[in-house]
Amino acid sequence: MSLMLDEKQLKYDTAYLRMAFEWAKLSHCKRKQVGALIVKDRMIISDGYNGTPSGFDNCCEDEHFDTKWMVLHAEANAILKVAASTQSTNGATLYITLSPCKDCSKLIHQSGIKRVVYANEYKDTTGVDFLRKAGVELLKIEIDERK
């Protein structure tokens with residue numbers, strides 16, 4: 001790929017990642033708000049943020065401030081949203097504010113997503129390691145969330 005194409009792609013990657021940060025603000029979680037966008041052919045085909053399943057109270061943490069077991073991660077919500085549509089994630093790029101956990105990494109790989117662009121590293125890098133081994137392209141971009 002030429003340098004010009006790389007710069008153009010980085011510009012798009014940064015813009016979509018910034019949008020994922022905006023999407024994260026929709027989360028009701030207090031400990032950590034995470035946003036995700038799935039893009040294919042320069043079109044956003046899905047979005048998601050971490051939160052409880054439809055029909056449940058929007059409170060993500062218990063009385064000890066621990067995340068409730070039922071909370072869905074942003075990327076899982078985005079993938080599930082696509083599953084209920086006519087779109088396909090095959091060959092798509094996932095933009096996410098926090099690198100995926102090991103469970104979500106399996107969903108990402110199995111759904112055919114080929115690139116993952118993220119800003120912050122999750123404490124457990126098992127998910128990223130799995131995706132790398134599976135041949136998914138990974139790109140970490142430093143983003144100033146205040147801008």
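**View 1. Asp13 and Arg115 form a salt bridge, with 2.8 Å between the closest N and O atoms.** A salt bridge is defined here as a side-chain nitrogen of Lys or Arg within 4 Å of a carboxyl oxygen of Asp or Glu. The pair joins distant parts of the chain, since Asp13 belongs to helix α1 (residues 3–24) and Arg115 to strand β4 (residues 115–120), 102 residues apart. Helices (H or I, at least four residues) and strands (E, at least two) are DSSP runs, numbered from the N terminus. Asp13 and Arg115 are both buried; buried denotes under 20% relative accessible area, exposed over 50%, and partly exposed the range in between (1.4 Å probe, protein chains only). The model is predicted: local features need pLDDT of at least 70 and side-chain atom pairs count only at pLDDT 80 or more, whereas totals for chains, interfaces and linings use all residues. Residues are numbered from 1 along each chain as its sequence is written, and side-chain values use heavy atoms, with hydrogens and water left out.

**View 2. Glu137 forms a salt bridge with Arg115, with 3.2 Å between the closest N and O atoms.** This pair also links distant parts of the chain: Glu137 lies in strand β5 (residues 137–140) and Arg115 in strand β4, 22 residues apart. Glu137 counts as partly exposed because its relative accessibility is 44%, whereas Arg115 counts as buried because its value is 13%. Through salt bridges that share partners, Asp13, Arg115 and Glu137 are joined into one network.

**View 3. A salt bridge joins the side chains of Lys106 and Asp103 (3.4 Å, N to O).** Lys106 and Asp103 are separated by about one helical turn because they stand three residues apart in helix α3 (residues 102–110). Lys106 has a relative accessibility of 47% and therefore counts as partly exposed; Asp103 is likewise partly exposed, with a relative accessible area of 46%. In the structure as a whole there are seven salt bridges. Side chains of opposite charge can pair when their charged atoms come close.

**View 4. Pro100 occupies the loop between β3 (93–98) and α3.** Pro100 is classed as buried because its relative accessible area is 0%. Neighbours within four places in sequence aside, Pro100 is in contact (heavy atoms within 4.5 Å) with Glu75, Ser105, Ile108, Val116, Gly127, Val128 and Leu131. Pro100 and His73, 27 residues apart in sequence, have a C-alpha to C-alpha separation of 8.7 Å in space.
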